[in-house]
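Dear colleague,

Please find below the structure that I am handing over to you. I would ask you to keep it open while you read the notes that come after it.

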Amino acid sequence: MTDPVIELRGATKRFPTGTGGAHTAVRDLTMRVAAGEFVALVGPTGCGKSTTLSLVSGLEPASDGEVLVRGEPVRAIPPGVGYMFQNDAILPWRSVLDNVAAGPRYRGVGKAEARDRAAAWVERVGLAGFAKYYPHQLSGGMRKRVALAQTLVNEPQILLMDEPFSALDVQTRALMQDELLRLWAGTGAAVVFVTHDLEEAIALADKVVVMTASPATVKGVFAVPLERPRTVEEVRLTEQFLRVYREVWDSLRVEVAAAREEASRVG
Amino acid sequence: MSGEYTSTVDGAAAIAAEQRPAGVPNLVRRRRLRRGGVWAVRVAAVVAWLVSWQLTATYWIDPFYYSKPTAIAARLVDWFTKGTAFGSIWTQIAVTLEEAVFGFVIGAVAGVVLGIVLGRARFLADVAAPFIKAANAVPRIVLASLFIIWFGLGMSSKIATAMVLVFFAVFFNAFQGAREVDRNLVDNARILGASRLAVLRTIVVPSATSWIFASLHSAFGFALIGAVVGEFTGADKGLGLLINNAQGTFDSAGIYAGMIVVTVLALLAEWLISTAEKRLLRWRPPAAGADAQT
C-alpha cells in the first residue's frame with residue numbers, strides 16, 4: 001500500500017459534558033485512507049462518525065493518539081481539505097455564484113478570476129441557469145449542489161463528507177450520489193464519506209468502515225469490489241452488491257442493536 | 001432532474017399566475033376588499049376619536065387643560081406659517097433632527113462595533129458583562145443633566161444623550177447577533193480558507209445584520225427621545241425647547257403640536273430605515289404574513 005493521505009493512530013476524542021464529566025465520542029480509532037480512495041464510514045446514528053471528520057479536518061484537536069494528513073500531524077486545517085457538512089452551510093445572503101466563489105476569494109484569488117472558476121463549477125453541477133439565485137429560492141437538492149460546487153471549486157485532495165445527502169428525498173439522493181461519483185472521478189481525491197445508510201455506503205465507496213456503537217471505534221473494514229464507473233441505481237441490483245451488503249450488515253447489525261438499546265436506556 | 005428544479009423556483013409563481021383557476025381572481029378581489037375595509041375602520045376610528053375630543057372639549061371639559069383638535073391644528077398652522085417664539089419651526093426641526101441623527105449614527109456605530117467584538121471574544125465579554133449590566137441599569141435619561149454640565153447648552157450635550165440611548169439598544173442586539181452565528185457557517189468558511197478577519201467580515205457581520213436592523217428601528221426613536229429630553233433639560237433651540245416652553249406657558253395645544261411634529265419625524269425615519277433594510281436584506285426569504293404591517 002502506498003503512503004496514506006489520511007492516517008489515524010489510536011485517535012480518541014473526549015468532549016466535556018455539562019455535568020463536568022467527559023463524553024468519549026471516538027476512542028482508539030485507527031484507520032488509513034489512500035490517495036484517490038473512496039472510504040465510507042458507517043455506524044449507528046450518533047456514534048461519533050462526524051467527530052472522526054472533525055479530527056481529520058483540524059476543526060477539533062484529538063484528545064489522544066495521532067491524526068496525520070500526508071504524514072503530518074494535524075494541528076490546524078490541513079491544506080487541500082474540503083468538507084461538506086450535514087446541514088446547509090452555504091451563505092444565505094450570497095447568490096449561488098458568489099457562494100461558490102467564496103473559497104477562491106478566501107484563498108486570495110481576484111474577484112473576476114474567482115467568479116470565472118465559480119461559474120464553471122456552477123455549470124458543472126447543473127445549476128447554470130441559477131447562478132444569480134439566493135439559496136432560499138432553491139430546493140434542498142439544489143442547495144446541496146451549491147455546497148458541492150463550493151467545496152469542489154477549491155480542488156480538494158481530501159474530501160470529507162458528513163451525511164451530505166441524508167436530508168434529501170430518495171430520488172434526489174440517488175441523483176446526487178451519481179453526480180458526486182461523476183465529479184469525483186478522475187480528481188484523484190481521497191473521500192471520507194460518513195453515512196448511516198449502508199446502501200449508500202456500498203454504492204459509492206471502495207472500502208466500507210464499520211464503526212461500533214458509541215464510543216465509536218473501528219469494528220471492521222470491508223472492501224467493495226464493484227467496478228467503476230458505477231450508476232448507483234443499477235449497481236444496487238447486482239449480485240455482488242447484495243453479497244457485500246449481507247457481509248457488512250452482519251457486522252453492523254449488532255452495533256445498531258447496541259446503539260438502540262443504549263438510546264432506550266438513556267432516554 | 002428538471003422536476004427537481006421547476007417545483008421550487010420563483011418561476012413557478014409566474015407559471016402559476018398564468019394558469020390561474022377561475023377561483024383565484026376572486027381571492028385577489030377579496031384581499032383587496034379586506035384591505036380597504038381595514039383602512040376604512042382605521043380612518044373611522046381616528047375621525048371618531050377627534051370628533052369626540054373636539055365635542056367634549058367644546059361643551060364639557062376645559063380645553064385650557066386638554067386642548068382640542070382644532071386648537072392644535074391652528075397651532076401647527078401658526079408654527080409653519082408665522083414661526084414659533086424661537087424663530088422658524090424649520091430651524092427647530094433641523095436642530096432636533098441634527099442632534100438625533102448624529103447621536104443615532106455615533107451610537108449605532110459604537111454599538112455595532114463593540115457588540116460584534118464582544119460577541120466574538122468570549123473572554124472580553126465575560127470581563128465586561130457585569131459592567132455592561134450595570135451601565136444598562138443606570139436610568140440613562142438622567143445623564144442628560146450631566147451632559148448639560150459637561151458639554152453646555154449647545155448641540156453636543158443632546159447628541160451625547162441620544163448616543164447613549166441608541167448605543168445600548170443597538171449594542172445588545174449586535175452582541176446577540178454576533179453570538180448566534182451559525183457554527184456550521186463559520187466552520188465551512190474556515191475550511192474554505194477564510195482567515196479570522198474574513199470570517200468576521202463575510203460571516204459574522206452579515207448574520208448579525210438582521211439582528212442589528214431589528215434594533216435600529218427602535219433606535220432612531222430613542223435618538224429622538226434623547227435629543228428632545230436633552231433640549232427639555234436645557235437648550236436654546238429645538239423641538240424639546242418648544243414643548244418645554246409650551247409647558248411653561250400652560251399651552252397644552254403647543255405640547256400636542258410638538259408631539260405631532262416629533263412623531264412625524266420618527267415615522268419618516270422608520271420608513272427610511274425599513275427601506276434600507278429591505279435593500280440590504282433582500283436575500284432573506286419573504287416572511288410569511290409580511291403584509292400584515294402595511
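The notes below describe the strands, the domains and the contacts between the chains.

This is a predicted model, in which local features need pLDDT of at least 70 and side-chain atom pairs count only at pLDDT 80 or more, while totals for chains, interfaces and linings use all residues. Residues are numbered from 1 along each chain as its sequence is written, and chains are lettered from A and ligands numbered from 1 in the order in which they are written.

**Strands of chain A**

Helices (H or I, at least four residues) and strands (E, at least two) are DSSP runs, numbered from the N terminus. Two strands pair if DSSP finds at least two bridges between them. Strands of a sheet pair through backbone hydrogen bonds, either parallel or antiparallel.

In chain A, four strands form an open sheet in the order β2-β1-β4-β5, with antiparallel pairing. Strands β2 (22-34) and β5 (72-73) of chain A stand at its edges with a single partner strand each, so one side of each has no neighbour in the sheet. Strand β4 (residues 64-69) of chain A is joined to β5(A) by two bridges, and the two run antiparallel. Within this pair, A:Val69 has A:Glu72 of β5(A) as its bridge partner.

Parallel pairing is found elsewhere in chain A. Strand β6 (residues 81-84) pairs in the parallel sense with strand β7 (residues 158-162) of chain A over four bridges, and A:Gly82 has A:Leu159 of β7(A) as its bridge partner. β7(A) also pairs in the parallel sense with β8(A), over five bridges, where A:Leu159 stands opposite A:Val191. The chain passes from β7(A) through α5(A) to β8(A) in a right-handed β-α-β crossover (with the strands pointing away from the viewer, the path from the first strand over the helix to the second runs clockwise). Strand β3 (residues 38-42) of chain A pairs with β8(A) in the parallel sense as well, over five bridges, with A:Val42 opposite A:Thr195.

How many residues of strand β8 (residues 190-195) of chain A are buried? Six of the six are, so this strand is largely enclosed by the rest of the structure. (A residue is buried if 20 or more other C-beta atoms, placed from the backbone, lie within 10 Å of its own.) A:Ala190, A:Val192 and A:Val194 point one way from β8(A), whereas A:Val191, A:Phe193 and A:Thr195 point the other way.

**Domains**

Domain bounds come from an automatic or database domain assignment. Chain A is divided into domain 1 (4-80 + 158-266) and domain 2 (87-155), and their C-alpha centres lie 25 Å apart. Eleven residues of domain 1 of chain A are in contact with eight residues of domain 2 of chain A (two residues are in contact if their C-beta atoms, placed from the backbone, lie within 7 Å). On the domain 1 side, helix α5 (residues 170-184) of chain A gives the largest share, six residues.

Chain B is divided into domain 1 (11-61) and domain 2 (69-283). The C-alpha centres of these two domains of chain B lie 33 Å apart.

**Contacts between the chains**

Between the chains, 20 residues of chain B are in contact with 28 residues of chain A. On the chain B side, α10 (183-192) and α11 (196-233) are the elements that give two or more residues. α10(B) gives the most, with eight residues.

A colleague

Methods: Buried ≥ 20, exposed ≤ 12 C-beta atoms within 10 Å, placed from the backbone.
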